[in-house]
Amino acid sequence: MPRVLLFPVDDTDDSQKSWDWFINNFYREGDEVHLLNVISRLTFAATLGVPAVDFTPQINREAYEAAVQKAEAFIVKRFLARLPQHIQTTPIVHIIKSEVDTNSVGHVICTKAEELKAAAVLMGSHNKGPVAEFFMGSVSQYVSHHSKVPVVIVKQP
């Protein structure tokens, strides 16, 4: 039975470097890999030019589709295209719209890990610095404290 591994991703170099580490150091042939990207409602609000609190997804279906297409494009470029030739599996991609705060993104990751019955969540840690982390929080910190499955956090130097 294959290991189910959840790898949350975003469009950053830190996430891409963590993916490279995962492929080179953790991945085993036969693993079932799931990539998860959480699209914040602020993405849609910026596209629509309205405050996030006023956002409703029914307003502009095109904005939603554009955000999903942008996510798909960076996932292909930063993650799927970087898979070595010897890896025969194709990761399963999940794109989920959610709130923007650290707790809700972390909650989505924890919920998806449970839903998939993942053996582990593997994720990168961003180098935001102590002040930014204090105000913005840390998704990886949230996941490490709330996940019911093991969490591997790849720290960048």
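Let me start with V93, which touches L35, I75 and L80 when residues up to four places away in sequence are not counted, a contact being heavy atoms within 4.5 Å. Please keep in mind that this is a predicted model, in which local features need pLDDT of at least 70 and side-chain atom pairs count only at pLDDT 80 or more, while totals for chains, interfaces and linings use all residues. Residues are numbered from 1 along each chain as its sequence is written, and side-chain values use heavy atoms, with hydrogens and water left out.

V93 sits in strand β3, residues 92-98, where helices (H or I, at least four residues) and strands (E, at least two) are DSSP runs numbered from the N terminus. With a relative accessible area of 34%, V93 is partly exposed, that is, between buried, under 20%, and exposed, over 50%, using a 1.4 Å probe and protein chains only. Between V93 and L6 the C-alpha to C-alpha distance is 9.9 Å, although 87 residues separate them in sequence.

Turning to the whole protein, there are 6 helices and 5 strands, and from the N terminus on they follow the order β-α-β-α-α-β-α-β-α-α-β. Of its 157 residues, 43% count as buried, and among contacts with a separation of 6 or more, 74% come from residues 24 or more positions apart.

Finally, what is the phi of K117? It is near 55°, a positive value in a residue other than glycine, and K117 lies in the loop between α4 (102-116) and β4 (120-125). K117 counts as exposed because its relative accessibility is 70%.
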